[in-house]
Amino acid sequence: MPRTRLAVIALVVGPLLTVLGAGCGSGDGATKPAAPSTSRPPTHATTLSVKGVATAPTADPATEAAKVPFSGTVDCPAGHPSGTGMFATNAAAVCAEIVARREVLARVGSEPGRMCSEIYGGPQQARITGTVAGTPVSIRVSRSDGCGIADWTTLQWLLGPPER
């Protein structure tokens with residue numbers, strides 16, 4: 001019999017014998033329970049809360065801008081993202097951004113030896129707390145200097161624009 005015919009027979013009959021053999025026991029009628037699965041990936045929660053104050057744009061730079069508070073929470077379980085406040089309508093998109101930019105959330109504001117220019121960007125400020133993939137997040141952003149301006153710019157996808 002040619003080798004290709006033997007290979008085809010082995011491909012067809014082999015799995016069939018495996019299935020039939022799985023039904024055969026030791027003959028005593030007892031079945032063994034399946035071993036518990038230990039290969040399930042751990043669940044890592046991703047939940048963020050954002051609170052802050054933006055400002056309303058003004059026509060006159062000498063006029064103090066009105067403060068515009070903002071807040072929201074986003075919860076990102078697999079397949080069922082949800083949000084409140086500023087994330088009520090875009091939770092799925094925000095969760096996708098959090099996954100794509102989680103290293104940014106771990107890095108912002110924590111660079112050692114950071115030099116910040118004394119440029120005032122405005123009174124806008126924000127606080128981000130929660131967990132990303134099980135890692136705690138606690139970030140404060142204030143546009144009171146160059147570092148705060150840069151941090152807000154980096155996190156604008158989450159915080160929104162400083163003026164609304």
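## A salt-bridge network

At 29% relative accessibility, R114 is classed as partly exposed in this structure, which is a predicted model. With E111, the closest N and O atoms of R114 are 3.6 Å apart; with D151, the closest N and O atoms are 2.5 Å apart. The D151 pair joins distant parts of the chain, 37 residues apart: D151 belongs to helix 4, while R114 sits in the loop between helix 3 and strand 4.

E111 is partly exposed, at 31% relative accessibility. D151, at 8%, is under the 20% cut-off and therefore counts as buried. R107 also belongs here: a network of salt bridges links R107, E111, R114 and D151.

## Salt bridges elsewhere

The whole structure contains 4 salt bridges. One of them joins the side chains of R101 and E97, with an N to O distance of 2.6 Å. R101 has a relative accessible area of 31% and is partly exposed. E97 is partly exposed as well, at 30%.

Five strands form an open sheet in the order 3-2-1-4-5, and their pairing is antiparallel. Strand 3 (82-85) and strand 5 (135-142) are the edge strands, each of which pairs on one side only. On average, neighbouring strands of the sheet are turned by 10 degrees against each other, with direction ignored.

Strand 1, residues 47-55, pairs with strand 2, residues 67-75, over 9 bridges in the antiparallel sense. Within this part of the sheet, A54 has V68 of strand 2 as its bridge partner. Strands of a sheet are held in such pairs through backbone hydrogen bonds, in either the parallel or the antiparallel sense.

## Helices across the sheet

Helix 2 (residues 91-100) lies across strand 1, strand 2, strand 3 and strand 4 (125-132), and runs at about 80 degrees to strand 2. Helix 4 (residues 146-154) lies across strand 1, strand 2, strand 4 and strand 5, running at about 125 degrees to strand 5.

Which residues of helix 2 are buried? They are A91, V94, C95 and I98. Seen down the axis of helix 2, these residues fall within an arc of 100 degrees, so they line one face of the helix. A92 and A100, on the other side of helix 2, are exposed. The buried residues of helix 2 pack against strand 1, strand 2, strand 3 and strand 4, and also against helix 3 (102-107) and helix 5 (156-159).

## The nonpolar core

The largest nonpolar core has 25 residues, of which L48, V74, I98, L105, I128, L155 and L158 touch the most other members. At least two residues of this core come from each of strand 1, strand 2, helix 2, helix 3, strand 4, strand 5 and helix 5. Helix 2 supplies the largest share, 4 residues. In soluble globular proteins, nonpolar side chains tend to be buried together.

Note on methods: Residues are numbered from 1 along each chain as its sequence is written. This is a predicted model: local features need pLDDT of at least 70, side-chain atom pairs count only at pLDDT 80 or more; totals for chains, interfaces and linings use all residues. Side-chain values use heavy atoms; hydrogens and water are left out. Two strands pair if DSSP finds at least two bridges between them. Axes are lines fitted to C-alpha atoms, for helices over the stretch in contact, and angles run from 0 to 180 degrees between N-to-C directions. Contact means heavy atoms within 4.5 Å. Buried means under 20% relative accessible area, exposed over 50%, partly exposed in between (1.4 Å probe, protein chains only). The arc is that of the directions from the helix axis to the C-beta atoms. A nonpolar core is a set of buried Ala, Val, Leu, Ile, Met, Phe, Trp, Tyr and Cys residues joined through side-chain atoms within 4.5 Å.
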